[in-house]
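Colleague: Could you walk me through the pockets in this one?
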Amino acid sequence: MTRPSAPMREPTYFILAALQDEPLHGYAIVKRAQELSDGRVRLTTGTLYAALDRLNGEEMVRVAEETVVNGRARRTYELTERGLSALHEEAARLIAAARVVRDRSVRSTAATVRTAPA
């Protein structure tokens, strides 16, 4: 039996989610992660690039393109198959966790309705 991986930190989840549709450069990843998380995830430059370096080392993202803009290197990152798989695994874990609460809420609401005085 394979052991499930540890839960993903929220910034990591939204960095991978930001790259799900297309390769993006750093600033675009920051903006897309913030948008996808309804503003909960606000990545600083240091946090973003530390995470991208780690994710690159884990082969979840890779540099798709590197160009020089105004004398500065601009890297565009893309999601790898491994990264997409990890993102889907984490999404399934979150859905299962939410289901526990939702299903209990439905049962307790139904029990309250059945036992409420007429």
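This is a predicted model: local features need pLDDT of at least 70, side-chain atom pairs count only at pLDDT 80 or more; totals for chains, interfaces and linings use all residues.

Colleague: OK, how much space lies in the largest pocket?

Modeller: The largest pocket holds about 300 Å³ of space.

Colleague: And which elements supply at least two residues each to its lining?

Modeller: Those are α2 (26–36), α3 (45–57) and β3 (72–79), and of the contributors to this lining β3 gives the most, with 5 residues. The residues that line the largest pocket include His25, Tyr27, Tyr49, Asp53, Arg72 and Tyr77.

Colleague: What does the lining look like by class?

Modeller: The lining of the largest pocket has 5 nonpolar, 2 polar and 4 charged residues.

Colleague: Switching over, what volume does the second largest pocket have?

Modeller: Its volume is about 240 Å³, and of the 13 residues lining the second largest pocket, Ser5, Ala6, Met8, Met60 and Ala86 are the closest to its centre.

Colleague: Which helix gives the most to that lining, and how does it split by class?

Modeller: Helix α4 (residues 81–115) gives the most to the lining of the second largest pocket, with 4 residues, while by class that lining has 5 nonpolar, 2 polar and 6 charged residues.

Colleague: Let's look at Ala6, then; is it buried or exposed?

Modeller: Ala6 sits in the segment before α1 (10–18), and it counts as exposed because its relative accessibility is 62%, where exposed means over 50%.

Colleague: How far is Ala6 from Glu90 in space?

Modeller: The two are 9.0 Å apart, C-alpha to C-alpha, although 84 residues separate Ala6 and Glu90 in sequence.

Key: Residues are numbered from 1 along each chain as its sequence is written. Side-chain values use heavy atoms; hydrogens and water are left out. On a 1 Å grid over the protein atoms alone, a cavity is a set of points where a 1.4 Å probe fits but cannot get out, and a pocket is an open set with protein on both sides within 12 Å along at least five of seven lines; lining residues have an atom within 4 Å of a point. Grid points are joined across faces, edges and corners, and a volume is the space filled by probe spheres set on the points. Ala, Val, Leu, Ile, Met, Phe, Trp, Tyr, Cys and Pro count as nonpolar, Asp, Glu, Lys and Arg as charged, and the others, Gly among them, as polar. Buried means under 20% relative accessible area, exposed over 50%, partly exposed in between (1.4 Å probe, protein chains only).
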